[in-house]
Amino acid sequence: MSLIPRRWLFHLSKSPRVHASVSRLFSSSSSCRTVMPAWVIDKYGSNDVLRFTNNASFPIIDYPNEVIVKVFAAGLNPIDISMRGGYGAASLSMKRDPLNIKQSGSEFPLTLGRDVSGVIMECGLDIKYFREGDEVWAAIPPWKQGSLAEFVVLSGNEVSHKPKALSHTEAAAIPYVATTAWSALVNTGGLTKENCAKKRILILGGSGGVGTFAIQMLKAWGAHVTVTCSQSAEGIVRELGADHVVDYTAGPVEVPLAAMEKFNLILDNVGGDTERWALNLLKPWSGAKYVTLVTPFLQNTDTLGIADGMIQTAATMATKAVKHLVRGVHYRWGFFAPSGPALDEIREMVDAGQIRAVVEEIFSFSQVPQAFEKVEKGHARGKTVVQINKGREDS
């Protein structure tokens, strides 16, 4: 049964009744509050723009399909570092305010943090799949206020029930990288658990958040996975199931990779010079795909403006796609896409023991600047997580 029909059938299974808003009990901790603790930025810049406040605006439900989540843990990702510095500001501002009604800088104070695990405190009138008190996890779109706060508001289709096998701090390490990998491998790459068996997959940059998740998902689906990473990360990627590991610190990785059997799909987390040689590693005329998560879209719109940036991006994508198509391989860009239904399926894989959280370090809510410094250093061996509130299993 597909995921969206599962949620749809859940709605149909509910017998007609008086609307939940009549009798729903709201938590006194949320419904009467107007402010909350959060880490915010008031301008773009380096780590010193991070500011803690006890007076951040409490989120409100503006649409009937939204929920308010009490944040127990938040995961950090490289995009948080980039957004702190203003990366993607032009496109994200357009997404927040498509009619350009608000003044420039209206996104501030801005809360970062794209991963959340917590408990639903309040539901909009159209929410039927969740109820107050449900433990949930989600990946927060970058145009919304983030999870480095006590509460956050999300759309119901972005939220999923948290895996029972994971604590909140473990669960917060997965949603953003999982939905990014899912979007790249499933939506763009065309892989499914039914067609993935014995396919040869290459992950360039396999020791970070997206890579460590992708290894586990692909192995659960029966693929043969080759990974590039540093020698110091080889142990963890092999532990997660990688079949072959190529050490990029030992010399140009394209040399040992070229000696291997060609691949059905390449997931590129590195970018830069890799496009020059990586597509030669694909099996030509077999539907093989190169999917890169390092794209110029947001940089183009930041530099050239929305209109010119989108034109430049479209031209670049079309040129590269045609160039490689005539050589028998497909060139694609992968993007993060928030998806509660995808997290539903990932939850089942987690609870079945096929995927585990890879947490490198946990910081307290007071240590958010240190957590940013950790992520900014790079060379991740998993995820950096901030504990906001303690759940029973996190105590």
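Cys196 is buried, with a relative accessible area of 0%. The model is predicted, and the exercises below use values computed from it.

**Exercise 1.** Decide whether Cys123 is buried or exposed, and state how many disulfides the structure holds.

Solution. Buried means under 20% relative accessible area. Cys123 has a relative accessible area of 3%, so by that cut-off Cys123 is buried. A disulfide is a covalent bond between the sulfur atoms of two cysteines. The count of disulfides in the structure is zero.

**Exercise 2.** Describe helix α7: its span, its kink and its cover.

Solution. Start with the span: α7 runs over residues 175-188, and its 14 residues reach 18 Å from first C-alpha to last, close to the expected 20 Å. Next, locate the kink: it is about 25 degrees and is centred on Trp182. Then check the cover: 13 of the 14 residues of α7 are buried. Last, look past the helix: Gly190 follows α7 and has a positive phi, near 75 degrees.

**Exercise 3.** Find which helix gives the most to the lining of each of the two cavities.

Solution. The structure has two cavities of 30 Å³ or more. Helix α8 (residues 209-220) gives the most to its lining, four residues. The lining includes Val177, Phe213 and Lys383, and by class it has six nonpolar, four polar and two charged residues.

Turn to the second largest cavity, of about 40 Å³. Here helix α5 (residues 89-96) gives the most, with three residues. Among the lining residues are Tyr44, Met83 and Arg96. The classes are six nonpolar, one polar and one charged.

Notes. Residues numbered from 1 in each chain as written. Predicted model: local features only at pLDDT ≥ 70, side-chain atom pairs only at ≥ 80, totals over all residues. Heavy atoms only, no water. Expected span 1.5 Å × (residues − 1). Bend = angle between axes of the 7 residues up to and from the residue. Buried < 20%, exposed > 50% of the residue type's maximum accessible area, 1.4 Å probe, protein only. Disulfide = S-S within 2.5 Å. 1 Å grid on protein atoms, 1.4 Å probe; cavity = no way out; pocket = protein on both sides within 12 Å on 5 of 7 lines; lining within 4 Å. Points joined across faces, edges and corners; volume = space filled by probe spheres on them. Nonpolar A, V, L, I, M, F, W, Y, C, P; charged D, E, K, R; others polar.
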